[in-house]
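Please keep the sequence and the model in view while working through the numbered points.

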Amino acid sequence: MHLSDRLRERSSRKYDLTDEEIERRMDVICGSWAESEDGEIDGGDGMGAVVVTGGSRGFGYALAQAFLEQGVVVVLCGRDTARIESTTASLSMLPGALGRVTGLVCDVYDKVAVQAVWDEATARFGGVDVWVNNAGVRQSGDALWDLDEEDVEHVVRTNLLGVIFGSQVAMTGMLRQGGGQIFNVEGFGSNGRLHRGLNLYGTSKRAVAHFTKALMHEATATPVCVGLLRPGMMVTDLLRDSAGRFPDTEQFRTALRIVGDRPLPVARDMVRRMMANRKNGAHFVWLTPRRIGWRLLQFPFVRRDLGL
Ligand SMILES: NC(=O)c1ccc[n+]([C@@H]2O[C@H](COP(=O)([O-])OP(=O)(O)OC[C@H]3O[C@@H](n4cnc5c(N)ncnc54)[C@H](OP(=O)(O)O)[C@@H]3O)[C@@H](O)[C@H]2O)c1
């Protein structure tokens, strides 16, 4: 069953809407993603937007680029005004992207600001098809006792509260508009793995995974689909220390050479899967055991270009 059919069916059942009202809303939600005959998803006119939090750098920037490549309208946000301006300008240079990308300044742990992003995106583009809670930060110290109160709050508020507020705002808006998709981003620790120096980061990501699974459960029988993205290890600022350096250990270099990626190929894969998604509870994993196995086989022979 197509996304549009499922949304129609659920909307009439749950919200008791007339056929006419459902059609009007479906134009907003699904108009952009009409399926072509060969099953590919096409961007189109009258589409709602995709929102990517933390879209000014790294994986978020790559997601924004990959969505734009698909002809989708993108709204991104970050905290730094100058960076948002330069990101928006550089993404606008992509073929066909002029006028299709909007950058907004927003700190994701300020719920009022997150709501303003939703309001601006829907005011400009008539709806939000996909909302990706991507903004995230690393912890600055090593062991827990090295971190001051500010560091602790910064990680927990951005990585966890930011995702909770983003999901709340998107869920409320999408229920009102009649459908949409929310994706949250996992990270090291989501699956319970431990590593020195990643206690707080891992704890926040483990919580994001749990929160999102609980939200998937809550979203059952609503027209909103909730999913998780697990992008693996990418060469972004998140891996750099406060002096802008990558960790200088043999273990890190080896891990990066085997499982590390530039963010854009990962983002393109995730965007393709998000746009084709039809179901609540999707979990898109980049580093599958098969991919890791293939990388291990290649490791002695192939020097992968990570742009370092
Ligand atoms: N890199 C990896 O290996 C990796 C692996 C797995 C998962 N992830 C996850 O992927 C996501 C993106 O990480 P990344 O590697 O792309 O990191 P990054 O390069 O450091 O980018 C982080 C982005 O989030 C924004 N941001 C940070 N705090 C924010 C806040 N409070 N409000 C709004 N925006 C905020 C940053 O912009 P400003 O600083 O200008 O606000 C930036 O655009 C994170 O959730 C991370 O946990 C990364």
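**Notes on the strands and helices**

1. Strand β4 (residues 128-133) and strand β5 (residues 180-185) run parallel and are joined by four bridges. Within this pair, Val132 has Phe183 of β5 as its bridge partner. Two strands count as paired if DSSP finds at least two bridges between them. Helices (H or I, at least four residues) and strands (E, at least two) are DSSP runs, numbered from the N terminus.

2. The model is predicted: local features need pLDDT of at least 70, side-chain atom pairs count only at pLDDT 80 or more, and totals for chains, interfaces and linings use all residues. Residue numbers start from 1 along each chain as its sequence is written.

3. In which order do the strands of the open sheet lie? The seven strands follow the order β3-β2-β1-β4-β5-β6-β9, with parallel pairing. Its edge strands, β3 and β9 (282-285), each pair on one side only. On average, neighbouring strands of this sheet are turned by 20 degrees against each other, direction ignored.

4. Strand β2 (residues 73-78) runs parallel to strand β3 (residues 101-105), and five bridges join them. Cys77 stands opposite Leu104 in β3. Together with helix α4 (residues 81-92), β2 and β3 make a right-handed β-α-β unit. Right-handed here means that, with the strands pointing away from the viewer, the path from the first strand over the helix to the second runs clockwise.

5. Helix α6 (residues 149-177) has 29 residues and reaches 40 Å from its first C-alpha to its last, close to the expected 42 Å. The expected span is 1.5 Å times one less than the number of residues. A kink of about 35 degrees in α6 is centred on Arg157; the bend at a residue is the angle between axes fitted to the seven residues ending there and the seven starting there. Just after α6, Gly178 takes a positive phi of about 105 degrees.

6. The axes of α6 and helix α7 (residues 199-219) come within 9 Å and cross at roughly 15 degrees. Therefore α6 is roughly parallel to α7 (under 35 degrees; over 145 is roughly antiparallel, 65 to 115 roughly perpendicular, and the rest oblique). Axes are lines fitted to C-alpha atoms, for helices over the stretch in contact, with angles from 0 to 180 degrees between N-to-C directions.

7. Helix α3 (residues 58-69) and helix α9 (residues 263-276) pack at an angle of about 50 degrees, with axes 8 Å apart, so α3 is oblique to α9.
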